[in-house]
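Open the model in your viewer and keep the sequence beside it. We will go from stop to stop, selecting a few residues each time.

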Amino acid sequence: MNMYDVIKLSDRTENGIRKASFQTCDMVCSSQIDIELEGDIIRRVQYIDGCHGNTQGVAALCVGQHVRDVVGRLEGIDCRARGTSCPDQLARALIALSVDK
């Protein structure tokens, strides 16, 4: 585990929808990301804390998208030379969910 990794807080499936929550690393403004997936399609993303407009925008753009496409777009985005960002943290969470299938 490195300093930029997310920590899974919960992961459950209800009526075919996978719902997971992740604690973000201390390098970003958001503190948690809640994700809902139906198969490999993102149904909902919600950031807790962070730059409200930006995190809402990122979350809205992800809805209906395939996990691999979102990871491809967001992975590695850096915020102010911190080594990660709120979008990168979402990519890391999605990767963790893909590994845990």
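Two strands pair if DSSP finds at least two bridges between them. Keep that in mind for the first stop. Note too that this is a predicted model.

**The hairpin**

Select strands E3 (30-38) and E4 (41-49). They form a hairpin, with two residues between them. Click on Gly39 in the turn: its phi is positive, about 65°. How many bridges join E3 to E4? Eight bridges do, and the two strands run antiparallel. Now pick Ser30 and look across to E4, where its bridge partner is Asp49.

**The whole chain**

Zoom out and show the cartoon. The protein chain has three helices and four strands. Along the sequence the pattern reads β-β-β-β-α-α-α. The radius of gyration is 12 Å, close to the 13 Å that the globule rule gives for 101 residues, so the chain is as compact as a globular protein of that length. Along the principal axes, the C-alpha atoms fill a box of roughly 40 × 30 × 25 Å. Of the 101 residues, 38% count as buried.

**Thr24**

Go to the loop between E2 (17-23) and E3, and select Thr24. Is Thr24 buried or exposed? Buried means under 20% relative accessible area. Thr24 has 5% relative accessibility, so it counts as buried. Next, show its side chain. A polar atom there lies 2.5 Å from the backbone oxygen of Ser30. Leaving aside neighbours within four places in sequence, the contacts of Thr24 include Val6, Ile33 and Gln89.

**Cys29**

Stay in the loop between E2 and E3 and move to Cys29. Its relative accessible area is 43%, so Cys29 is partly exposed. Cys29 and Gly50 are 21 residues apart along the chain, yet their C-alpha atoms are separated by 4.3 Å. Not counting residues up to four places away in sequence, Cys29 touches Asp49, Gly50, Cys51, Arg82 and Cys86.

**Helix H2**

Select residues 67-74, which make up helix H2. Which residues of H2 are buried? They are Val67, Val70, Val71 and Leu74. These residues cover an arc of only 100° around the axis, which puts them on the same side of H2. An α-helix has 3.6 residues a turn, so residues three or four places apart point the same way. Then step past the end of H2 to Gly76, whose phi is positive, near 90°.

**Helix H3**

For the last stop, select H3. At 1.5 Å a residue, its 14 residues should span 20 Å, and its end C-alpha atoms are 20 Å apart, which agrees. Now show Ser85, which caps the N-terminal end of H3. A side-chain oxygen of Ser85 lies 3.1 Å from the backbone nitrogen of Asp88. Colour the buried residues of H3, including Cys86, Gln89, Leu90, Leu94 and Leu97. What do they pack against? The list is E1 (7-14), E2, E3, E4, H1 and H2.

Conventions
Residues are numbered from 1 along each chain as its sequence is written. This is a predicted model: local features need pLDDT of at least 70, side-chain atom pairs count only at pLDDT 80 or more; totals for chains, interfaces and linings use all residues. Side-chain values use heavy atoms; hydrogens and water are left out. Buried means under 20% relative accessible area, exposed over 50%, partly exposed in between (1.4 Å probe, protein chains only). A polar contact is a pair of N or O atoms within 3.5 Å; within protein, one must be able to donate a hydrogen and the other to accept it, and residues adjacent in sequence count only if both atoms are side-chain atoms. Contact means heavy atoms within 4.5 Å. The arc is that of the directions from the helix axis to the C-beta atoms. The expected span of a helix is 1.5 Å times one less than its number of residues. The radius of gyration is taken over C-alpha atoms; the globule rule is 2.2 Å times the number of residues to the power 0.38.
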